[in-house]
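Take a look at the structure below. Follow the ligand and what surrounds it.

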Amino acid sequence: MIISSVLNKYKSELVPLCQQVAGFIRAELYKVEAADIETKDMNSLVSYVDKEAEKMIVKRLSDLLPESGFITEEGTVASTLKKDMWIIDPLDGTTNFLRKLPHFSISIALRHEDDVVIGIVYDVMLEDAYTAIRGEGAWKGDNKLKVSDTATMNEAIVITGFPYERDQQIAASFEVLKHCIQHCRGIRRLGSAALDLAYLSAGIIDIYYENSLNIWDLAAGALLVEEAGGTVTDYSGGDTYLNNGTIISSNGILHAPMAQVIHRFHNSDAK
Ligand code: IPD
Ligand code: CA
Ligand code: CA
């Protein structure tokens with residue numbers, strides 16, 4: 001158990017760190033060229049900007065908590081299991097960034113033993129910091145966050161995303177999407193899972209679901225949603241979303257109806 005004052009100290013260090021790294025990312029937006037872009041896996045792109053941003057974050061957090069370990073998307077540091085693990089996506093929404101579509105974020109979470117205890121999702125272009133501390137709440141800047149009170153599916157704004165790899169779940173995904181198009185007020189695909197969760201925590205949207213994600217896409221954002229009073233599960237209704245990469249998140253009120261639709265079309269072993 002880490003005491004509250006220590007968690008608050010870490011939180012107050014994460015905000016300026018994200019501001020600094022976001023400044024770097026913004027400065028590179030119109031400098032990055034086609035030759036700088038590598039393809040990691042099918043449709044999954046990366047550039048020096050993701051890697052340099054990650055190195056800046058790792059350096060600062062190693063100084064802040066010397067005994068901690070790291071789980072990072074770009075693997076610029078070895079991942080050795082420690083009691084305290086920083087879970088980092090230095091640039092969530094790389095495809096948007098590389099096409100100058102101004103919607104991408106930095107996501108950093110701290111896992112202490114088995115629990116994520118701090119999360120920050122930083123909107124790079126709008127310079128908004130969404131933060132959460134386990135058991136204490138979630139904030140955008142100094143304002144406490146609360147999920148929406150939307151009570152029916154036909155009033156719901158839903159966000160989703162689609163895997164980079166066009167996998168065999170495409171048929172199920174289409175059925176779920178079709179249901180949402182027919183039964184919800186609106187559906188969006190914005191391209192940054194971490195910001196999708198931050199928007200849910202702020203009551204901007206009501207439901208976010210997606211599959212084939214990684215722990216660094218979800219760790220900080222899922223804590224934001226939980227601390228803002230929402231519900232987060234995997235596609236089977238369990239709590240293994242950080243490890244199995246499927247997530248249903250909602251304002252709580254709409255969780256059961258959304259989960260029902262996903263259960264109807266996706267296998268229980270969906271990833
Ligand atoms: C991606 C974004 C996107 C989601 C993808 C993620 P990246 O992260 O979060 O919204 O649909 O599955 O991989 O690659 O931009 O860090
Ligand atoms: Ca990501
Ligand atoms: Ca990324």
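Predicted model: local features only at pLDDT ≥ 70, side-chain atom pairs only at ≥ 80, totals over all residues.

Domain 1 (4–144) and domain 2 (153–265) each give at least three residues to the shell around ligand 1. In total, 14 residues surround ligand 1. The closest are D92, G93, T94, Y164 and E210.

Which strand supplies the largest share of the shell? Strand β4 (residues 84–92) does, with 3 residues. By type, the shell around ligand 1 divides into 4 nonpolar, 4 polar and 6 charged residues.

Now turn to the polar contacts. T94, one of the closest residues, has a polar backbone atom 2.8 Å from an oxygen atom of ligand 1. D89 uses its side chain: a polar atom there lies 3.1 Å from a ligand 1 oxygen. G191 approaches through its backbone, where an N or O atom is 3.2 Å from an oxygen atom of ligand 1.

How much of ligand 1 does the protein cover? On its own, ligand 1 has 380 Å² of accessible area, and the protein covers 96% of that.

Finally, consider the space itself. Ligand 1 takes up the largest pocket. Around that ligand, both domain 1 and domain 2 contribute to the shell.

Technical notes: Residues numbered from 1 in each chain as written. Chains lettered and ligands numbered in written order. Heavy atoms only, no water. Near = heavy atom within 4 Å. Polar contact = N/O pair within 3.5 Å; in protein donor to acceptor, adjacent residues only side chain to side chain. Areas by Shrake-Rupley, 256 points an atom, 1.4 Å probe, with all protein chains shown as cover. 1 Å grid on protein atoms, 1.4 Å probe; cavity = no way out; pocket = protein on both sides within 12 Å on 5 of 7 lines; lining within 4 Å. Sits in = over half its atoms within 2 Å of the grid points. Helix = DSSP H or I, 4+ residues; strand = E, 2+ residues; numbered from the N terminus. Nonpolar A, V, L, I, M, F, W, Y, C, P; charged D, E, K, R; others polar. Domains from an automatic or database assignment.
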